[in-house]
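The text below walks through a predicted model. Please keep the sequence and the structure in view while reading.

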Amino acid sequence: QGSVAYADQAVLIAAEAIAGEAAGDPHGQVLPPTRVRARSAIELASSEARVWLDLDARDIRVGERIGAALQSNPETAQLWLELGSPRGTADADLSLRPDAQGKTQWSLQLSAHDVEALPLSTDLALRIPAGSAWIDADGLRFEANVITADTTSSLQGTLRSVVNETERRELSCTLRGSGYPSAKSREQLATNFALPALFREMEPGADPAWTLSLRTILGGGDSPPLHLQARAELRDAAPAWPARNARGSGWNARAAFVSAPSGALAVLEPARGLWQEAALEVGGVAHLPHGIDNGEGAWTGTVAAALRESAIRPDAVRQALVLLEADLWAPGLVFGGRTAASVEIPLEDPSALRARLDFNPLRVTVKPGALGATASAAEAHYALTGTLRLDNGEVKTRQLGLRGNDLDLVLEHAVGRLDETGMSISGTVLSAG
């Protein structure tokens with residue numbers, strides 16, 4: 001229903017309409033019918049008509065009809081499909097205004113309510129209790145609250161035309177939230193992105209806070225992204241591996257990723273946290289020469305980790321060995337003392353790693369029956385003092401002291417090499433007795 005009036009070379013229009021009927025949603029709530037209201041003025045005095053229009057629609061059903069309407073644009077239809085064909089309700093406000101030059105300027109505001117989707121890329125259900133988007137001739141601005149079964153987050157972003165590049169768009173967005181994926185979610189993510197088993201098994205001791213920022217330049221048509229920048233930040237994470245009796249706390253990390261047709265670069269800034277009260281740092285740089293979409297070549301770069309000097313707790317050493325699936329390396333051994341360590345691992349050849357171990361000292365207790373000792377033998381206690389360096393398959397030390405029980409040895413200027421025949425060691429051994 002509505003009315004139309006003509007006066008002084010202007011047309012005034014006011015109209016209201018109701019589309020559809022009330023219906024129930026999957027949660028048992030009754031959804032009202034869609035209501036549309038329009039107010040318009042058309043000025044006919046000039047050679048070109050000037051239009052003012054305010055149109056608002058309330059309780060628009062988001063679902064199959066919108067998906068069908070988007071089929072005329074392949075890109076939009078594909079995006080809708082990738083998003084998992086969202087369902088829910090939305091409001092829309094469209095405004096048309098003439099500018100000083102007589103050109104019509106437009107803006108559209110969309111507000112979503114209780115929208116649910118199942119994106120194809122993750123197969124993880126998400127819900128948007130509230131979200132808004134503002135669209136005009138310059139681009140798009142959006143914000144939303146996003147809830148999954150495991151996390152709650154807020155999303156903000158923009159989509160704008162690149163200056164002097166009318167067929168390209170720049171998308172930037174920031175996602176802030178808290179929480180950690182459930183076991184089911186981790187399994188799906190690990191399968192989709194080929195993540196290691198440790199990711200599947202990891203559980204948080206507390207919900208960490210995180211931020212993900214993304215900026216990308218999109219090509220026109222079917223062109224892949226021309227440039228992608230991403231940054232991620234994790235705060236107060238407490239990863240744990242219950243099945244391996246291992247845990248950490250207070251982890252903070254930041255990472256950056258850049259991709260372009262000429263190559264891709266990933267940087268993990270030094271991530272800091274505690275492993276059973278021992279302070280650790282982990283960082284790295286990786287480079288893909290031919291770009292992430294090329295499918296050729298392999299990642300190159302270095303991953304580095306450092307353990308600040310700290311007291312050695314026997315349970316922490318045992319947990320680290322279990323986590324690394326190396327528990328059988330040291331049965332019957334109990335470690336203590338103080339140590340510091342660092343390691344650099346080249347991605348192109350992990351076997352060429354470089355490492356440094358400082359023992360200040362490292363104390364080792366050998367239980368009866370360990371390392372070939374008889375079960376009736378007494379415990380043996382040793383202290384190892386000095387520095388070991390591992391470089392390209394060689395173990396080196398300037399001076400390494402070993403004391404305990406009836407031993408008092410010093411190994412100087414030693415080099416150990418491991419090959420298919422075994423370990424060969426050269427150096428000078430000094431004995432106090």
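In which strand is the place of Asp 91? Asp 91 lies in strand S7, which covers residues 87–98. This residue is buried but takes part in no salt bridge. The nearest side chain of opposite charge belongs to Arg 58, at 4.2 Å. Instead, the side chain of Asp 91 has a polar contact of 3.1 Å with the side chain of His 113. Beyond its neighbours within four places in sequence, Asp 91 touches Ala 57, Arg 58, Asp 59 and Ile 60, and also Gln 109, Leu 110, Ser 111 and His 113.

Arg 58 does have a partner. It forms a salt bridge with Asp 93, with the closest N and O atoms 3.1 Å apart. This pair joins distant parts of the chain: Arg 58 sits in strand S6 (residues 50–62) and Asp 93 in strand S7, 35 residues apart. Arg 58 has a relative accessibility of 30% and so counts as partly exposed. Asp 93 is also partly exposed because its relative accessible area is 27%.

Other charged pairs follow. In general, side chains of opposite charge can pair when their charged atoms come close. The salt bridges number 16. One of them connects the side chains of Glu 43 and Arg 50, at 3.1 Å from N to O. Glu 43 is partly exposed at 27% relative accessible area, and Arg 50 is partly exposed at 25%. Asp 358 and Arg 356 meet in a salt bridge of 3.0 Å. Here Asp 358 is buried, since its relative accessible area is 15% and the cut-off for buried is under 20%, while Arg 356 is partly exposed at 32%. Arg 231, Arg 254 and Glu 269 are linked in a network of salt bridges.

The surface also has a nonpolar patch, formed by Val 258, Leu 265 and Val 285, with about 200 Å² of accessible area together. Leu 265 belongs to strand S19, residues 263–275. With 36% relative accessibility, Leu 265 counts as partly exposed.

Now for the chain as a whole. It contains 5 helices and 27 strands. Of its 433 residues, 28% count as buried. Among contacts with a separation of 6 or more, 44% are between residues 24 or more positions apart. The accessible surface comes to about 26,100 Å², and carbon and sulfur atoms account for 57% of that surface.

Terms used
Residues are numbered from 1 along each chain as its sequence is written. This is a predicted model: local features need pLDDT of at least 70, side-chain atom pairs count only at pLDDT 80 or more; totals for chains, interfaces and linings use all residues. Side-chain values use heavy atoms; hydrogens and water are left out. Helices (H or I, at least four residues) and strands (E, at least two) are DSSP runs, numbered from the N terminus. Buried means under 20% relative accessible area, exposed over 50%, partly exposed in between (1.4 Å probe, protein chains only). Contact means heavy atoms within 4.5 Å. Accessible areas come from the Shrake-Rupley method with a 1.4 Å probe; for residues, only the protein chains shown count as cover. Patches are made of residues with over 30% relative accessible area and no salt bridge: like charges are joined within 9 Å, nonpolar side chains (Val, Leu, Ile, Met, Phe, Trp, Tyr) within 5 Å. A salt bridge is a side-chain nitrogen of Lys or Arg within 4 Å of a carboxyl oxygen of Asp or Glu. Lys and Arg count as positive and Asp and Glu as negative; His and the chain ends are not counted. A polar contact is a pair of N or O atoms within 3.5 Å; within protein, one must be able to donate a hydrogen and the other to accept it, and residues adjacent in sequence count only if both atoms are side-chain atoms.
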